[in-house]
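This report walks through one protein model, moving from charged pairs to packing and then to the backbone. Please keep the sequence and the 3D view open beside the text as you read.

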Amino acid sequence: MSRNKIKATLDRALSRFGFASRTVACTQILKGSVSVNGRIERNPESWVDLRHDRIAVRKVPLKPAPLRYYVLNKPKGVITSRRDKLGRKTVFHFLPDRCGHISAVGRLDKNTSGLLLLTNDNSFAHFLTAPESKVPKTYLTKVRGKLSQHDIEKLQKGISLSDGPTLPSQAQMVRASDRHSWVQITIHEGRNRQVRRMFEAIDHIVLKLVRIQIGNLALGDLKTGQMRELTRAELRDFFSYSA
């Protein structure tokens with residue numbers, strides 16, 4: 001993973017510069033509002049050099065936005081999309097204007113809460129979400145029913161899902177009653193609704209799901225709906241995964 005990626009497609013460059021999302025960037029490029037080195041460029045997929053090419057929108061030169069990295073404690077009932085046609089609250093409702101144009105790293109579904117990373121560093125986001133990176137993600141789950149040790153071992157070995165078997169996970173019982181079980185589970189993939197589907201495959205429904213850690217970054221005492229910037233030490237820790 002490179003923090004200083006030099007080349008990018010034009011639509012990605014506009015996003016990297018903090019101008020707008022790639023969708024909005026594509027619209028402006030196709031309208032002829034974007035120039036590269038003084039010439040109008042209408043192909044969003046054309047390659048540009050972020051260090052040397054002069055990129056402008058409506059003749060206003062763009063400069064790279066400072067790279068920003070945030071962690072948010074996403075509340076339950078909030079969606080991760082930037083906009084919602086149904087008018088539901090999104091995670092971007094909790095971000096101050098000073099954040100500029102940033103995007104969520106991966107997704108947490110509406111009913112899942114907890115640790116969510118946001119950034120304008122596309123290379124960083126791609127690395128964390130790429131299956132081959134295998135950055136661990138840890139969740140605390142409350143499920144219906146009492147899990148047996150055999151159920152825990154199934155989770156640890158990997159579960160066969162409709163889109164193939166999962167990688168082995170680290171799973172441990174936190175506490176249990178006759179009606180519910182609390183399990184901490186760490187996975188190394190990022191499939192859609194993966195944790196929920198893993199428990200459903202062993203006949204237990206997830207009632208509550210909170211992501212409490214990504215890599216070595218823990219949610220800690222960050223309150224629901226609050227966000228903060230990552231520290232330099234936390235960033236170095238993430239970048240070390242690609243070393």
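## Salt bridges

The structure holds seven salt bridges, a salt bridge being a side-chain nitrogen of Lys or Arg within 4 Å of a carboxyl oxygen of Asp or Glu. Side chains of opposite charge can pair when their charged atoms come close. The model is predicted, so local features need pLDDT of at least 70 and side-chain atom pairs count only at pLDDT 80 or more, whereas totals for chains, interfaces and linings use all residues. Residues are numbered from 1 along each chain as its sequence is written, and side-chain values use heavy atoms, with hydrogens and water left out.

One of these salt bridges joins D11 to R22, with the closest N and O atoms 3.1 Å apart. Because D11 lies in helix 1 (residues 10–16) and R22 in helix 2 (residues 22–30), the pair ties together parts that are eleven residues apart in sequence. Helices (H or I, at least four residues) and strands (E, at least two) are DSSP runs, numbered from the N terminus. D11 is buried, with a relative accessible area of 1%, while R22, at 33%, is partly exposed; here buried means under 20% relative accessible area, exposed means over 50%, and partly exposed lies in between, for a 1.4 Å probe and protein chains only.

## Nonpolar cores

A nonpolar core is a set of buried Ala, Val, Leu, Ile, Met, Phe, Trp, Tyr and Cys residues joined through side-chain atoms within 4.5 Å. The largest one has 29 residues, and those with the most contacts inside it are L118, L147, L155, I185 and F199. Among the elements that give two or more residues to this core are strand 9 (112–119), helix 4 (149–157) and strand 14 (180–187). Apart from it lies another core, of 19 residues, which includes L115, L117, L230 and L235.

Contact means heavy atoms within 4.5 Å. Leaving aside neighbours within four places in sequence, L147 is in contact with residues including I152, L155, M173 and F199.

## T119 in strand 9

T119 has its place in strand 9 and is buried, with a relative accessible area of 5%. Its side chain reaches the backbone oxygen of R68 at 2.7 Å. Not counting residues up to four places away in sequence, T119 touches R68, Y69, I102, S103, V105, F124 and A125.

## Positive phi angles

Most residues other than glycine have a negative phi. R58, however, has a phi near 50°, a positive value in a residue other than glycine, and R58 is found in the loop between strand 5 (55–57) and strand 6 (60–61). At 52% relative accessibility, R58 counts as exposed.

K134 likewise has a positive phi, near 55°, and lies in the loop between helix 3 (122–129) and strand 10. K134 counts as partly exposed, at 46% relative accessibility.

Notes:
Polar contact = N/O pair within 3.5 Å; in protein donor to acceptor, adjacent residues only side chain to side chain.
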